[in-house]
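Below is a short note on the two-chain model, as numbered points. Please read it with the coordinates open.

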Amino acid sequence: MNHKKKLLVKAIGVGLLTCASAAQAANWLMLQGTEKDGQSARAKLWGFVQVQYQNDRSSANSGDGYIPPKLIGPNLNSQSAFNVNRARIGVRGTGFPLDNKVNYFFLAEFGNNGITAPGDRNVRITDASITLNHIPGARVRAGLFKTPGAEEGLQAIHVFDYINFTTVTNQLLLERFPNSNGSYDAAINNAPIGLPSPTGIGAFDSSVGAFRDTGIQVFDTFKVDNWEHSYAVMYGNGNGLNFGNGDGHYDTYLYWSSELVFGGKGGRRQGLKMFAWGQSGKRLLDTTNDTTYNPESYDRDRSGLGFKYLQKPFRVSAEYMQGKGMIFVGQDKATFDINPAVAGGNGEEGKANGYYLEGGWYIPNSKWEIDLRYDIYNRLTDDTPFPAGAPPAVAGKTFEMNFQTITLGAQYHINKKTRINMEVSDRTFEAVDWDSGAGPNANLDGVSQRYAIQLTHVF
Amino acid sequence: MKKLISMFLLLIAASLSYQVQAGDFAEEKIVLQISDPNPFKQTLVLNVASNLVKFYGQDKVEVEIVAFGPGLRLLFEENVNSGRINGLASSGVKFAACKNTIKAMTKKLGHAPELHSSAVPVSAGVVRIIDLENKGYKLIKP
């Protein structure tokens, strides 16, 4: 190596060293994975509680029954319900406060949601990680934690500006895992059922992924003037909160963000952030819907890019996401197949995409905030059509579906740690190849508004 | 003889100069103690120092922050508040780091903690506070 090259390498090294220390705790990667140098507590107790009421105004389907998305989750047994949907408590800090270079993060869920409802669990660990900050420019985080990815999933949920996720995040990214024994009751993949005896809808037996995985991540943030550039590379089991690596393959996660920082700090720091991410893995799935466990391996790939602009009183953000393989096609479809009897409706090898565009206005000199969001999710975009020889009513048709939602929300900040969210979502869901009332539209036609109110308190 | 008188006058002048630098003309002299592990106390003690400088003016107040025990973490080189410490130091605020604490932390860490460049080691934090009180400083423990 010549002298100039050596100098360049040294300069980059020094630059990284300088940047790494200057950009401490400035974004989700840093806020969740690190502690403030020289200032963190040995064990800071923290958490939050969210209490909500939701009311779905969708009408019954042609069979006079209700199935998701007309029912309130996670229990899926009514169209309106109060719920303690999140109640999380945890500790974080630096066990040995004299050493800034090691910190930990622990959080457990006591609320009633997709994390705890499957298997009727009362509590579930959602985060348990240790971060080593010894290598400049390459911090190492190991354990169970949020994977680097889409903004809606990666952000701290207690500062999320809406109550319900967008459909694209809910269906494409909030992973439902194949049942471990692959033994499905044939009656589960059934026709719509009516209230008040809705059994068999929730066919998945393990917790949703909750945008988390167990593994190891290398990450850091570099500050250049008013810009912060962050990266993360993670290698994990690909099994969400469920531990173990039953499929024998590991998932890879990549993430990059660049943010022009305007000011402020923490979860509501103001700036213009642009980001891109990608995830790749495999899943073992038994699609045969019988009592014999004969799973096969399927790819699961996800990627996206987006931006978030926040400078009070305005906020605008958007994100495009796409996925291939292991496409969720219904809470009662643990086989990831809408209709095993036909070639179409195949989620295990299907494709999907979607995006959201949303904005907020913080009403000056008030505690109110108004939010508006549009999101669309296109599911099974390359679905196999019914063959030409099929009955005319179905020939050439696919199970591609289109989910559009407009959400109008308002937030009232009682104090810095307590707020009320209110929102109404107007939903237009349809199977694009089918006439009104026909095929999947027999159920989707009736999907309409959902009202929700939620009280959040952080401690 | 003239040389002796000149040297004597120079000594007096140097002595006066030192005393002026030490802040004898300050209207208020405050020593702030930080010995607590609570992270919020770090922010608080810096806020208090900043407010004192703003209220009295840089030339009319002497502020020294004495850190010892778990509070010494405030003066660690990588402390998240190092930028604020730089700013306060340029406004005349002094920072004293207890040598006894440094010694104890060196034992636990296996190496000496790296301190902020504005931190001046003193033999013992508590003795430094007593010395300053004897010089007319008022002790405040935020």
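1. D120(A) sits in the loop between β3 and β4 (124-132) of chain A. Its phi is positive, about 50°, although the residue is not a glycine. Strands here are DSSP runs of E of at least two residues, helices are runs of H or I of at least four, and both are numbered from the N terminus.

2. This is a predicted model, in which local features need pLDDT of at least 70 and side-chain atom pairs count only at pLDDT 80 or more, while totals for chains, interfaces and linings use all residues. Residues are numbered from 1 along each chain as its sequence is written, chains are lettered from A and ligands numbered from 1 in the order in which they are written, and side-chain values use heavy atoms, with hydrogens and water left out.

3. The loop between β1 and β2 of chain A holds P69(A) and also P74(A). The peptide bond from P68(A) to P69(A) is cis, with omega near 15°. The bond from G73(A) to P74(A) is cis as well, with omega near 5°.

4. Y104(A) belongs to strand β3 (residues 102-109) of chain A. Its contacts (heavy atoms within 4.5 Å), leaving aside neighbours within four places in sequence, include E35(A), R42(A), R92(A), G93(A) and I130(A). Between the C-alpha atoms of Y104(A) and G93(A) the distance is 5.7 Å, with the two residues eleven apart in sequence. A polar atom of the Y104(A) side chain lies 2.8 Å from the backbone oxygen of R42(A).

5. Two of the residues that touch Y104(A), E35(A) and R92(A), also form a salt bridge with each other, with the closest N and O atoms 2.7 Å apart. R92(A) lies in strand β2 (residues 80-93) and E35(A) in the loop between α2 (28-33) and β1 (44-56) of chain A, so the pair ties together parts that are 57 residues apart in sequence. The rule for a salt bridge is a side-chain nitrogen of Lys or Arg within 4 Å of a carboxyl oxygen of Asp or Glu. Over all chains it gives 26 salt bridges.

6. Strand β10 (residues 296-311) of chain A runs antiparallel to strand β11 (residues 314-324), joined by eleven bridges; strands count as paired if DSSP finds at least two bridges between them. The two form a hairpin with two residues between them, and L310(A) stands opposite R315(A). On to strand β12 (residues 351-362), β11(A) again has eleven bridges, antiparallel, with Q322(A) opposite N353(A).

7. In chain B, strands β3 (residues 94-98) and β4 (residues 119-122) run parallel and share four bridges. A96(B) has V120(B) as its bridge partner. Together with helix α4 (residues 99-109), these strands make a right-handed β-α-β unit: with the strands pointing away from the viewer, the path from the first strand over the helix to the second runs clockwise.

8. Where do chain A and chain B meet? Twelve residues from each chain take part in the contact. The buried area is about 1100 Å², 57% of it from carbon and sulfur atoms; this is the accessible area (1.4 Å probe) lost on putting the two parts together, summed over both. One salt bridge crosses the interface, and E78(B) forms a salt bridge with K101(A), the closest N and O atoms being 3.6 Å apart.

Terms used
Polar contact = N/O pair within 3.5 Å; in protein donor to acceptor, adjacent residues only side chain to side chain.
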